[in-house]
Amino acid sequence: MRPAGLGSVLLLVSSLLLPGGLSAVPQSFSPSLRSGPGAAACRLSRAESERRCRAPGQPPGGALCHGRGRCDCGVCICHVSEPGVYFGPLCECHEWVCETYDGSTCAGTCHCGRCKCDNSDGNGLVYGKFCECDDRECIDDETEEICGGHGKCYCGNCYCQAGWHGDKCEFQCDITPWESKRRCTSPDGKVCSNRGICVCGECSCHDVDPTGDWGDIHGDTCECDERDCRAVYDRYSDDFCSGHGQCNCGRCDCKVGWYGKKCEHPRSCPLSTEESIRKCQGSATLPCSGRGKCECGKCTCYPPGDSRVYGKTCECDDRRCEDLDGVVCGGHGTCSCGRCVCEKGWFGTLCQHPRKCNLTEEQSNSLCESADGILCSGKGSCHCGKCLCSAEEWYISGEFCDCDDRDCDKHDGLICTGNGICSCGNCECWDGWNGNACEIWLGTEYP
């Protein structure tokens, strides 16, 4: 419920913000616009009153108050109850406040719920949904060029061309790019084994141990990955090879009585490794659906104690029914084995879309236009002011279908390792998980 006085507040805001300096206000604020002892009649002609309630540039006969309110003596009185909550002098804003990012609301100017970036110089270097990207940080102080003219800038970070390095690609290698690549190429033909960055012929491996000691990924070409020795990777634990072996450059040498790629099978198990995996895999593409540990043909689902992951092969993951705020099926359905069963009148993967819409097609489409003015980035359709991304291209997502979930990191062949949600190219990990691909378990226990 909204306070009874909200209509008057909006009326006042509308009267104070009308463009052109025209002070069209209600009776109680400007008696000059009305006449008569009771000030009941409007002194403006109908044409003038409607002109003040119409958006600039609209011809006579166009929608008044953007079709979201009524015009009273040149003043827009906006709808203040559902469906549709509108604000602004001409009821032009559907949402008044911008979403928050990194603890602050919009690094630019918030207008009608959209963040407008400060690009007064016209170079367009500040951008992003929250204006969080500032490519001015990539400008070299000496040359005044982006990344010194030797790389490309993305969201304030320089990605250098071959043969150049540094925060702003200001340093040139003393060897040729070909020689640099040759030195960084691992035996399997991959540069730094796809686990690091090649800088002037030397590999800088990812995921260095926070203590400063030898990292989990090491070797001249990052060819050794100690994470491969763990049933579930935990960077803060020394429990390699399930506690039953020694890890040598990512390979487990098992103790007597244990076997398996990660020494996970006791020799007492009557099943062979292949039989055990086959039972744990079932019809899934990975053993235990990539959400658990296989022991002698039986799956232990993880995280430990989380009842949302279950099934003989851990095939049900009810976390997939939750949005980033933890709401199950948008509050309009129930979750069954990781899929939402929507209530009547709702649809969508998370039951987030109402079937009935009270917006006109024009109003709906205006809320679906991306920054470049294209409806849903040309990759979806608009329903009631929300973009429905193409089902044929499963990886397209985002508020305006402008995200590609293929950009999210994978581990064991799964996007976000199955332990998080891919949000516009970045993994949003569930509680207890961390890492670029949510592959690191940080809980008090680990499977």
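**Cysteines and rings**

Analyst: Let me start with one cysteine: Cys-342 is partly exposed, at a relative accessible area of 26%. Keep in mind that this is a predicted model.

User: Which residue does a disulfide join to Cys-342?
Analyst: That is Cys-351, with an S to S distance of 2.1 Å. Cys-351 is buried, with a relative accessible area of 0%.

User: And what is the handedness of the disulfide between Cys-342 and Cys-351?
Analyst: The torsion about their S-S bond is about -95°, so this disulfide is left-handed.

User: Nice. How many disulfides does the structure hold?
Analyst: The structure holds 28 disulfides. One of them is formed by Cys-329 and Cys-340, with sulfur atoms 2.2 Å apart.

User: Where do Cys-329 and Cys-340 lie?
Analyst: Cys-329 is in the loop between β26 (316–317) and β27 (333–336), while Cys-340 is in strand β28 (residues 339–342), so the pair ties together parts that are 11 residues apart in sequence.

User: Are Cys-329 and Cys-340 buried or exposed?
Analyst: Cys-329 and Cys-340 are both buried. Their S-S torsion is about -95°, so the disulfide is left-handed.

User: What about Cys-376 and Cys-387, how far apart are their sulfur atoms?
Analyst: They are 2.1 Å apart, and the two residues form a disulfide. Cys-376 sits in the loop between α5 (361–366) and β31 (380–383), and Cys-387 in strand β32 (residues 386–389), so to speak of the link, it spans parts of the chain 11 residues apart.

User: Why is the disulfide of Cys-376 and Cys-387 left-handed?
Analyst: Because the torsion about its S-S bond is about -95°. As for accessibility, Cys-376 counts as buried at 0%, and Cys-387 is buried with a relative accessible area of 11%.

User: Changing topic: how many aromatic pairs are there?
Analyst: The count comes to one aromatic pair. It is made by Trp-394 and Tyr-395, whose ring centres are 5.5 Å apart.

User: Is that pair of Trp-394 and Tyr-395 stacked or edge-to-face, and why?
Analyst: The planes of the two rings are at 85°, and over 60 degrees counts as edge-to-face, so that is what the pair is.

User: Is Trp-394 buried or exposed?
Analyst: Trp-394 counts as exposed, at 54% relative accessibility. Tyr-395 is buried, with a relative accessible area of 15%.

User: Which residue lies over the face of Tyr-395?
Analyst: Arg-406 does, at 3.6 Å from the ring centre.

Technical notes: Residues are numbered from 1 along each chain as its sequence is written. This is a predicted model: local features need pLDDT of at least 70, side-chain atom pairs count only at pLDDT 80 or more; totals for chains, interfaces and linings use all residues. Side-chain values use heavy atoms; hydrogens and water are left out. A disulfide is a pair of cysteine sulfur atoms within 2.5 Å. Helices (H or I, at least four residues) and strands (E, at least two) are DSSP runs, numbered from the N terminus. Buried means under 20% relative accessible area, exposed over 50%, partly exposed in between (1.4 Å probe, protein chains only). Rings of Phe, Tyr and Trp (its six-membered ring) pair if their centres lie within 6.5 Å; planes under 30 degrees apart count as stacked, over 60 as edge-to-face and the rest as tilted. A charge sits over a ring if NZ of Lys or CZ of Arg is within 6 Å of the ring centre and within 35 degrees of the ring normal.
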